[in-house]
Structures are given as structure tokens and as C-alpha cells.
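Please read this briefing with the structure open beside it.

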Amino acid sequence: MFFTVTMSLLEGFLGTLKLFILTLVLSLPLGLFISLGSMNKNIMVKGPIRFIIWVVRGTPLMLQLLIIYYGPGIFFGVPLWGGGTDGRFMAALFAFVFNYACYFSEIFRGGIQSIPVGQYEAAAVLGMDKKQTFFKIILLQVVKRIVPPISNEVITLVKDTSLARVIAVYEIIWNGQSFIKSSGIIWPLFYTGVFYLLFSGLLTLLFSYIEKRLDYFR
Amino acid sequence: MPILEVKNLKKCFDKTDILKGISFDLEKGQTLSILGSSGSGKTTLLRCLNFLEKPDAGEIVVNGETIFDRAKPVTEAQIKSNRLHFGMVFQQFNLFPQYTALENVVLAPKLMASADKYPEIIEMGKNLLNKMGLSDRMNNYPHQLSGGQQQRVAIARALAMSPDILCFDEPTSALDPELTGEVLKVIKELAIGNTTMIIVTHEIGFAHDVSDQIIFMDDGVIADRGTPAQVIDNPSNPRTRQFLSNYHS
């Protein structure tokens, strides 16, 4: 039985992992893009973006999943995502990417704005243009400063993926819970915690390695 | 012909006039020190020369070539090349923390050169750091250096661009007296070596020793201007006398 459960949970964990990796890969660049918008001098750009960030950060992710999945069909009569497994996964991915990009954008904004103006001025008087200044001087300093808050968000994301099951996206908790109905046992559900714990342990090690690699300057 | 002519430079922030028409000139190889109390506009003047602030009026002429004239707008690219006439050493050093001392010095020159020039640029960087007394510190990162050492790296970094005029914005104000000495010594050597310099400073004695010309600024205007003997030893302007009395006693 233990073997059967483990294999089933592993299969569910692949779903978790797929959602996790795709969300990260898409939301990090989107977050940088949003952060640049939220720092734009033009209020017509900055205003709407700050509003969207407020809404996304101010409402539960579970609610966002439900609205994004059911909303198009209920409000516009267009069931955008379809009823299939792939459609539900795409809706979940969309919600996660959008939600995490907003959180990441605030971390990027904080990182970029924390760089002293003297760094930009020193680069300018040495004749560097904006692109050189950003890529040669600013970027690495920003990366160093945002590693701890980013690692926080990434570890939260591992566990947040379990919310996707409100729109029936298969992931590890879904599989663990299914044993309650099929076999009347609850321990597989508790057992899923081990998978989360091991994976977030791995991520913790990865991030402390990155932090160490950036330790050579202050 | 003077290396630098500044004509009627004006700058205001939020309707407060910081520079109310500054005019002076500087000969090649000479050292000019700008004295004055905080808020008198001396740092703003330096920042205008480096295009860190855009003057509201006036003209800046280097080697007979007008590099800024408020009446004629300039493009971003022109500003970029024109500001290279001036080097800048900041109060807070502003070294790049992720680069070693040597990398700080050679980064900008390398960005402007082709790869085959890199060996000679690195050689030049090492020579400059040697001259600053930092031959054993080239591969240290800024946080591993004392404030005085960091400021000497910053001076080498500015010199690496071979500016016509090297500007210092209160170069020792963030340093304790012991470290101040080593930085002033380096600046003095540059003065003896005929580097053209503009130094904003509160070190009156030092300014007296190294300068060919002193400007005393007060409330956005030049209140006094002349040799150290004229301005510091025998100030004609009552405001200058009052300012200096705090130092002499």
C-alpha cells in the first residue's frame, strides 16, 4: 500500500512541479516588466499598474483562481478555458503567473529603488549610458538585495500550488485526498507534507548557495 | 586662453535661486578651491559643470569650445561626450561595490575601447593606483578598504578618463582626520603635477596651500575671488571675514 500511495503522490507532485516551474519562469520576467511600469513617471502608466497590483495583492489567490476560471463563461458567455484538464491547468497557470508577477514586481521595485543615486551619478560622470549603467552597475546590486525576499516568495509558491485544486487541477494534495474516498485512509494526505518539506528544503539550499556566491561584495 | 570659462551660470530649485549668475575662469594646470558655508551653492556649481544638474541659464566653455549654452539645446549624446571634459570625485566615494579597486578604475575606459586596447588600459589602471599608493590593494573590493583608500580609488577612477578638469566635491568630508590627511596628500601631489582641478572643500588650510585661485561663495554668488593670499589672508568682503573667523580662532 505504501508503495502504491508513494507512486500516486509522486505523480501528483509532478503536476505541482509543472505548475511551480512554469509560474516562476513566466512571472519573474513579467514581474520585472510590471515593476518598470510601476516606476514610470507618467501617472497614466503608473496609476493603472499600481491599481492592478493593489487588487491582485489585496484579494485571495483562491478567489482569483475561481474568477479567472469561471468568470469568462459566467459574465461574458465565453467559457474561455474549456472544461478539459488542459484548460483548467491553463487557467490556473494564468492566475498564478499574474498573482506572483505582482508580488515579484514589488520586490524588484524595492530592490531597484534601494540603489543609492550616487551609483547612477558615478556611472554618468564616467560617460556610461543608461543601458551600460543598468547592466554593468545596477543589476547585480539589485539581484543581491532581492535574493532573500524572492526566496521567500518562491517557497510560498511551492505550497500555494495546492490552491489550484479548487478548479480541479491535479496536484499532490488532490491525489493524497483521493485515498480518503477510495480506500478510507487519511495518512496519504498527511504524507504529502513530506514531499513539500523535502522540496522546499532543496530550494532553501539552492538560495543559500546563491546568497553565498554573491557574498563577495557589499 | 583659459581652459575653462563659466559665464553667468544660473540654477534654481523649486523657485529658490541656488546659483544667481556665476562667472569665473580657470587656467590650465591651476587649482581652484571653492569655499563657502553649506547651502551657498558650491556643490550645485560643481554638479552643473558635470551635467548632473542642468543649469537654467549661462554658458560653459572648455578650451574655447562651448560645451553648454542654455540658449542652444543639447542632445543626450552631446551631454554624454561633453561631460567627459570633467572628472568627478564625490563626497561619498560612490565606488561600484561589486568590482575590485582595479576593476573600478578600468571599467569605464574599457567600455569605450576595443578589446585589443584592454591590456594597456589595465596597465594604466595599475599605474594610477600605484600613484595613489594602493599597489597592494588593487584586487580588494571597496568594502575591504578604508574610507581614505576608497576615496583614492575614486580619484584614480576619475583620472583614468583623462579629464581636462578634475572636480572634487568635499572629498574628505566623510573621513576622519587621520584618513583626511592621506587623501589631501594625494590631491596635493596632483596639484604639484599640474592637474587642473576644482575643489569644493571645508579644509581652509589645505585650500590655502594648494590653490592658485580661491572663490568664496555666499548665497549663490561669488562673494570673493582671488589668490589665497587675497581671499584667505586679507579678505575684503565682510561676509568672507565672518566665515573665516570661525576657522582662524
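The points below are grouped by topic.

This is a predicted model, in which local features need pLDDT of at least 70, side-chain atom pairs count only at pLDDT 80 or more, and totals for chains, interfaces and linings use all residues. Residues are numbered from 1 along each chain as its sequence is written, and chains are lettered from A and ligands numbered from 1 in the order in which they are written.

**Confidence**
- The predictor assigns the complex an ipTM of 0.93 and a pTM of 0.87.
- For chain B the average pLDDT is 92, and 99% of the residues score at least 70 (pLDDT is the predictor's confidence in each residue, from 0 to 100).

**Contact between the chains**
- Chain A puts 18 residues into the contact and chain B 19 residues (two residues are in contact if their C-beta atoms, placed from the backbone, lie within 7 Å).
- On the chain A side, helix H5 (117-125) and helix H6 (130-160) each supply at least two residues (helices are DSSP runs of H or I with at least four residues, strands are runs of E with at least two, and both are numbered from the N terminus).
- H5(A) gives the most to this side, with 6 residues.
- By class, the side of chain A that touches chain B has 9 nonpolar, 5 polar and 4 charged residues (Ala, Val, Leu, Ile, Met, Phe, Trp, Tyr, Cys and Pro count as nonpolar, Asp, Glu, Lys and Arg as charged, and the others, Gly among them, as polar).

**A sheet in chain B**
- An open sheet of 4 strands has the order S2-S1-S4-S5, with antiparallel pairing (two strands pair if DSSP finds at least two bridges between them).
- Strand S2 (16-26) and strand S5 (65-69) of chain B are the edge strands, each pairing on one side only.
- Strand S4 (residues 57-62) of chain B is joined to S5(B) by 4 bridges, and B:Glu59 stands opposite B:Asp69 in S5(B).

**Helix pairs**
- In chain A, the axes of helix H2 (residues 43-58) and helix H4 (residues 85-113) come within 9 Å and cross at roughly 115° (axes are lines fitted to C-alpha atoms, for helices over the stretch in contact, and angles run from 0 to 180 degrees between N-to-C directions).
- The residues making this contact include A:Ile53 of H2(A) and A:Phe98 of H4(A).
- In chain B, helix H5 (residues 147-159) and helix H6 (residues 177-192) pack at about 20°, with axes 8 Å apart.
- That angle makes H5(B) roughly parallel to H6(B) (angles under 35 degrees count as roughly parallel, over 145 as roughly antiparallel, 65 to 115 as roughly perpendicular and the rest as oblique).
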